[in-house]
Amino acid sequence: MDRYVRFARPDGSTGAGLLEGDRIAVIAEPFWDGAERTGKELDLAAVRLLPPCQPRSIVCVGLNYASHLGGRPAPDPPTLFLKPLSSIAGPGDPIRLPAASTRIDPEGEIVIVIGRELAAPTREEALAGIFGYTAGNDVSARDWQANDGQWWRAKGADTFGVYGPTIATGLDHDAIEVRTRVNGVETQHGRSDELILDIPEIVRYTAAVMTLLPGDIIYSGTPGQPQALNPGDTVEVEVTGAGVLSNPVVAGS
């Protein structure tokens, strides 16, 4: 398993690398066709980790665990939606809670990272087109989600599209776990083999109607029943191999 990161140096310049313990082996970008090492290394503590890829499209699957449905039938067709690029936040970035919303939840998710162009793929081609996986937090304003009629505001506010810290490669798509913790207390736990629409089918179904490009990401759905966030909280999402995505929660305007 390799773990890919993107980072910002103190001078503001950015780069990519392979995380190896507390060191980063710098690699050339783009890295989708292989990690070309530059021979340079950096201390992890000397840089700030960024979201590990730069997507053109952010796709999300809703209502994709039975434990999240709460007894409701699974949606048919599947519920998919998009997040705007302006929602992106990365490791350590504050999640800002809009004052106009009365309830905002974290949603820990396994995030699929695309590694090659996919257009109307077969299931096998869809699986082969996955580069790796990262941790994601599909932050959701529940009152807006229930009342707006569609989800652009509830799911697309600034800092509501959190992912990172690394992209883990070489994982079995049916053997990935996700855990969410708020202030150190586990509030969600799920496995990829519990997904209603499994990972290859998520990619196939999405790419049947929109071309996916390297770096695009898909949030695969959240398990269980998340608890509400409050300013001052710290929320963590841990995904097998990808590490722990940790973010402070602050009041927004």
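Q: Is Trp-151 buried, partly exposed or exposed?
A: This is a predicted model, in which local features need pLDDT of at least 70 and side-chain atom pairs count only at pLDDT 80 or more, while totals for chains, interfaces and linings use all residues. Residues are numbered from 1 along each chain as its sequence is written, and side-chain values use heavy atoms, with hydrogens and water left out. Buried means under 20% relative accessible area, exposed over 50%, and partly exposed in between (1.4 Å probe, protein chains only). Because its relative accessible area is 21%, Trp-151 is partly exposed.

Q: Which kind of aromatic pair do Phe-81 and Trp-151 form?
A: Rings of Phe, Tyr and Trp (its six-membered ring) pair if their centres lie within 6.5 Å, with planes under 30 degrees apart counted as stacked, over 60 as edge-to-face and the rest as tilted. The centres of Phe-81 and Trp-151 are 5.2 Å apart, and with 75° between the planes the pair is edge-to-face.

Q: How many residues apart in sequence are the parts that this pair ties together?
A: Helices (H or I, at least four residues) and strands (E, at least two) are DSSP runs, numbered from the N terminus. Phe-81 lies in strand 7, whereas Trp-151 sits in the loop between helix 3 (142–147) and helix 4 (152–156), so the parts tied together are 70 residues apart.

Q: Which residue of strand 7 is the bridge partner of Cys-60?
A: Two strands pair if DSSP finds at least two bridges between them. In strand 7, the partner of Cys-60 is Phe-81.

Q: What stands opposite Val-59 in strand 17?
A: Val-59 belongs to the side of strand 6 where Val-59 and Val-61 are buried. Strand 6 pairs with strand 17 in the parallel sense over 3 bridges. Opposite Val-59 stands Ile-218.

Q: Within what arc do the buried residues of helix 5 fall?
A: The buried residues of helix 5 are Ile-199, Pro-200, Ile-202, Val-203, Thr-206 and Ala-207. The arc is that of the directions from the helix axis to the C-beta atoms. Seen down the axis of helix 5, its buried residues line one face, because they fall within an arc of 160°.
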